[in-house]
Amino acid sequence: MFRLAWFVNYGFGQYGWGGRWSGNVSRDVGRPELFMHNTKTLENAGFDYVMLEDAPVLPDVYKASPDYSVEHGIFRLDPFPLVPLIAQATDHIGVIATMTTSYTPPYQAARLTTTLDHLTNGRFGVNLVTSSPHAVGQNFGRDSHYEHDLRYEMADEWIDAVRALWDTWEPDAVVMDEHTGLFADPAKVHYANYNGQYHRTRGPLNTIPGPQHHPVICQAGGSGVGRTFAARNADTVMAGTKGIDGMRGYRDDITRIATENGRDASKIKVVHLIEPVLGDTMDEAKAKDRARQEAAAADIEGKLAGLSYLSGIDMSQFDLDAPLPDMADKVNGHKSSYDQFNRIAQSGKTFREALSGRSGQQTIELVGTPEVVADQMEEAMEQVGGDGFLFVLPFTRKNVAEVADGLAPVLRRRGVIRDGFAHKTFKENLQEF
Ligand SMILES: Cc1cc2nc3c(=O)[nH]c(=O)nc-3n(C[C@H](O)[C@H](O)[C@H](O)COP(=O)(O)O)c2cc1C
């Protein structure tokens, strides 16, 4: 069996603006209903979790201006307040929101995540990112963002500090003995007194342990240091490495590093990015795929803006009809994601040709009827070894319905995805198989 998850890739933003199946974006925007409705639909379909992306910045690397983001509605409301609203609309599915380890103090992180673990009744997870463009650093009072490897070194300490805070209350510290009137046992509440190079915190937390005690940790490190951070700390890892070999290699790497660090790697669930194109017939699916590729290839400006954001380099300055200079060692953003593009750009193509290659973040191409796509997914899982898929289609009702009502039932009938939730907490359900 394998698991399904959905990457809500502009977080608490908008989906479908200017597109055909956008519903009532202008009415929905800033409202929780779309997220509540879609997550409930995915829960019914047997999904393990939704993951709300985030970045505390209005992207402005492209043309050194926020104009592109402003004109195209690339904004993000804070995803954390959305979590309990989604939890209210659902009963079993996990809800993950993204937090930056570089700019969130450990005490604030430990307290907020514990509070959300309570509010979701043990269904909360946090996606840990180190953040990308310099503007994020500037938003938090620095001249620039921390250097890539340094921020993972800081994140290593950060998660130790957060764990130390979570552990300031032993899991059974709260006794709530109505006969003696004792609320919690003082012998089971301790100071953290964490004293690192980058982070210091005292504790104890002024929260009580949530149902999971340590909420689910999600991560997507792609570089060497990123993978190590993920393997050492995450319960679920999101991967975008291309092709069956790339998927298997990434998962094997996570397994190896986790084992070297004394973890039970079978408890870490790697999910691989996919953007399936579904149709009633193969012809319909192929035509949809062609139309999607043509639209993406025509949107050169969108690709330039996206690449500028993830690399931190203004891509508007380069000649589209000449090869792109090799700048991999200058990238301080999502390093490994840029490296994947750079390999294509350095293979003798012009910048325009490299940009107009197959779009998207998917690991394998999935195009066809629900039955055909289900076959391909099953086969990929057999070859890779696990542990599931992360859908990255725009979070519109149409996309969610196609997957939840078309594809997922086929997978469920075959017995390869869950048919209900055996446990109360997100972590227990995630680790069930
Ligand atoms: C599926 C997926 C989701 C991600 N979500 C976020 C996010 O919400 N916010 C963010 O700043 N980075 C996000 N990232 C970027 C990763 O945290 C990471 O920086 C990236 O994969 C590059 O790896 P590296 O940091 O080890 O170079 C995501 C990456 C992937 C593959």
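**Ligand site and domain interface**

Student: Which atom of the ligand does a polar side-chain atom of His148 lie by, and at what distance?
Tutor: An oxygen atom of the ligand. The distance to that polar His148 side-chain atom is 2.9 Å. Keep in mind that this is a predicted model.

Student: What does Asp54 use, backbone or side chain?
Tutor: Backbone. One of its backbone N or O atoms sits 2.8 Å from a nitrogen atom of the ligand.

Student: How much of the ligand does the protein bury?
Tutor: 93% of the 600 Å² that the ligand exposes when taken alone.

Student: How many residues are around the ligand, and which come nearest?
Tutor: There are 21. Asp54, His148, Tyr152, Ala220 and Ser223 come nearest.

Student: Switching to domains. What does the domain assignment give?
Tutor: Domain 1 covers 3-281 plus 362-430. Domain 2 covers 300-355.

Student: What separates their centres?
Tutor: 27 Å between the centres of domain 1 and domain 2, over C-alpha atoms.

Student: How many residues are in contact?
Tutor: On the domain 1 side, 21 residues; on the domain 2 side, 17.

Student: What about the area buried between domain 1 and domain 2?
Tutor: About 1,500 Å². Carbon and sulfur atoms give 57% of that.

Student: Which residues in domain 1 lose the most area to domain 2?
Tutor: Val61, Tyr62 and Ser132. Together they account for 39% of what the domain 1 side buries.

Student: How many salt bridges does the rule find across the interface?
Tutor: The rule finds 1 between domain 1 and domain 2. As for residue pairs in polar contact across that interface, it finds 6.

Student: How do the residues on the domain 1 side divide into nonpolar, polar and charged?
Tutor: Where domain 1 touches domain 2, there are 9 nonpolar, 8 polar and 4 charged.

Student: Back to salt bridges. Which side chain does Lys63 meet?
Tutor: That of Glu301, at 3.6 Å from N to O.

Terms used:
Residues are numbered from 1 along each chain as its sequence is written. This is a predicted model: local features need pLDDT of at least 70, side-chain atom pairs count only at pLDDT 80 or more; totals for chains, interfaces and linings use all residues. Side-chain values use heavy atoms; hydrogens and water are left out. Domain bounds come from an automatic or database domain assignment. Contact means heavy atoms within 4.5 Å. Buried area is the accessible area (1.4 Å probe) that two parts lose on being put together, summed over both. A salt bridge is a side-chain nitrogen of Lys or Arg within 4 Å of a carboxyl oxygen of Asp or Glu. A polar contact is a pair of N or O atoms within 3.5 Å; within protein, one must be able to donate a hydrogen and the other to accept it, and residues adjacent in sequence count only if both atoms are side-chain atoms. Ala, Val, Leu, Ile, Met, Phe, Trp, Tyr, Cys and Pro count as nonpolar, Asp, Glu, Lys and Arg as charged, and the others, Gly among them, as polar. A residue is near a molecule or strand if one of its heavy atoms lies within 4 Å of it. Accessible areas come from the Shrake-Rupley method with a 1.4 Å probe; for residues, only the protein chains shown count as cover.
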